[in-house]
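I opened this model to look up a few places in the fold. My notes follow the order in which I looked.

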Amino acid sequence: MPDALSSRRLSRRGLLAAGGAATLAALLAGCGKDDAAKPAANNGGGPWSFTDDRGKKIEAAARPARVVAFTGVAAALVDFGLDKQLVGVFGETKRSDGTVDPQAGDLNVEAVEIIGNVWGEFSLEKYAALRPELLVTHMYDPDALWYVPDESKDKILPLAPSVAVTTARVPMTKPIERYAALAESLGADLSAKKVTDAKTRFDAAAEAVRQAVRANPGIKVMACSGSPDLFYVSNPKVSTDLMYFAELGVDIVVPTKLEAGDYFEALSWENTGKFPADLILLDNRSTALQPKDLAAKPTWQQLPAVKANQVTPWDAVPRFSYAGAAPLLENLATAIRNAKKVS
């Protein structure tokens, strides 16, 4: 789901300086001088097109060879076999201590330009210097490009065609299939052993969740995220991974008083016990409070699932590939199998 914290920072100004337009013009004027930035010769031998989830048909004379993507998207495309086509990323990529953010998956972050590392960051100058041929990101709401700042999108989007893939209100398998199709169109081989093995693992993990639910019926699961002031309960009717978990038979709490977009219900910390749950899926991103942070919240400590140590990490913005999603399903299956009824 979209970061509950980020959704409240939509008005945050981008970091583009007032002189950015002049810098951008200079960069564009220099196009063609750097041979290393030219598209690869192997372009598939003809015109390229892809229709994205906005219903837009993106066309090019040749297969895009210089792709800039949201970090989680880039990681998914790597899982499907893309490599040198990825030249830049935006979104949480490196943590403050220099380690790689889990969202990056198997992406070689040292081989790409990081043009933004947190919500609201998107360096227009760095983006232009990459001479992008395609921009790719999630789309949680119609025409809203994930992590592309509204303040500068009118300068960003004209520089290269963009592809948006729907990542809400559909089960998780749908964006996985869409990113697989995009990767294939960009030159990935979906019959490669790495990809087929990941699909086999994903299918087995999905079946493991079904079996865990059957073996341990009645376990109520709540997906949530904590901030200093509010406790967010996520909606399985909108969040694509939770929707898929529900399809597999998981009994997930459905919040009743939804915020704009219907992604979650925001509760005060005094009301964290509103929804009984036996197992908690806790947002594990750096933007959300983690168990060590929540220890100071008395109402959190009083939740039956917390008392029973039945809290498991949750990737609230999953990596939409079979390789990225399989471990999530495996962990969920294990958590459900081991959970006891406490609510």
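**Ground rules.** I am working on a predicted model, where local features need pLDDT of at least 70, side-chain atom pairs count only at pLDDT 80 or more, and totals for chains, interfaces and linings use all residues. Residues are numbered from 1 along each chain as its sequence is written, and side-chain values use heavy atoms, with hydrogens and water left out.

**Whole protein.** I found 11 helices and 13 strands. Helices (H or I, at least four residues) and strands (E, at least two) are DSSP runs, numbered from the N terminus. Of the 343 residues, 51% are buried. Buried means under 20% relative accessible area, exposed over 50%, and partly exposed in between, with a 1.4 Å probe and protein chains only. I noted an accessible surface of about 15,100 Å², with 52% of it on carbon and sulfur atoms. Such areas come from the Shrake-Rupley method with a 1.4 Å probe; for residues, only the protein chains shown count as cover. I also looked at contacts, meaning heavy atoms within 4.5 Å. Among contacts with a separation of 6 or more, 72% join residues 24 or more positions apart.

**H6 and H11.** How do the axes of H6 and H11 cross? Helix H6 (residues 193–215) and helix H11 (residues 322–338) have axes that come within 8 Å and cross at roughly 20 degrees. The axes are lines fitted to C-alpha atoms, for helices over the stretch in contact, and angles run from 0 to 180 degrees between N-to-C directions. H6 and H11 are therefore roughly parallel; the cut-off for that word is under 35 degrees. The crossing is left-handed, which is the term when the near helix is turned anticlockwise from the far one by less than a right angle. I listed the contact residues: those of H6 include Phe202, Ala205 and Val209, and those of H11 include Leu329, Leu332 and Ile336. By class, the contact has 17 nonpolar, no polar and 4 charged residues. Ala, Val, Leu, Ile, Met, Phe, Trp, Tyr, Cys and Pro count as nonpolar, Asp, Glu, Lys and Arg as charged, and the others, Gly among them, as polar.

**H7.** Helix H7 (residues 240–247) is mostly covered, with 6 of its 8 residues buried. Those buried are Thr240, Asp241, Leu242, Met243, Tyr244 and Phe245. Gly249 follows H7 and has a positive phi, near 110 degrees.

**Val148.** I found Val148 in the loop between strand E6 (134–139) and helix H4 (153–156). Is Val148 buried or exposed? Val148 is buried, at a relative accessible area of 6%. Leaving out residues up to four places away in sequence, Val148 touches Phe90, Phe122, Leu135, Thr137, Lys153 and Ile156.

**Thr312.** Thr312 sits in strand E13 (residues 311–314). Thr312 is buried too, at 15%.

Arg63 lies in the loop between strand E2 (57–60) and strand E3 (67–70). Arg63 is partly exposed, at 23%. Arg63 and Glu133 are 70 residues apart in sequence, yet 8.9 Å apart in space, C-alpha to C-alpha.

Most residues other than glycine have a negative phi. Arg131 has a positive phi of about 50 degrees. Arg131 lies in the loop between helix H3 (124–129) and E6, and counts as buried at 19%. Arg169 also has a positive phi, about 65 degrees. Arg169 is partly exposed, at 39%.

Methods:
Parallel < 35°, antiparallel > 145°, perpendicular 65-115°, else oblique.
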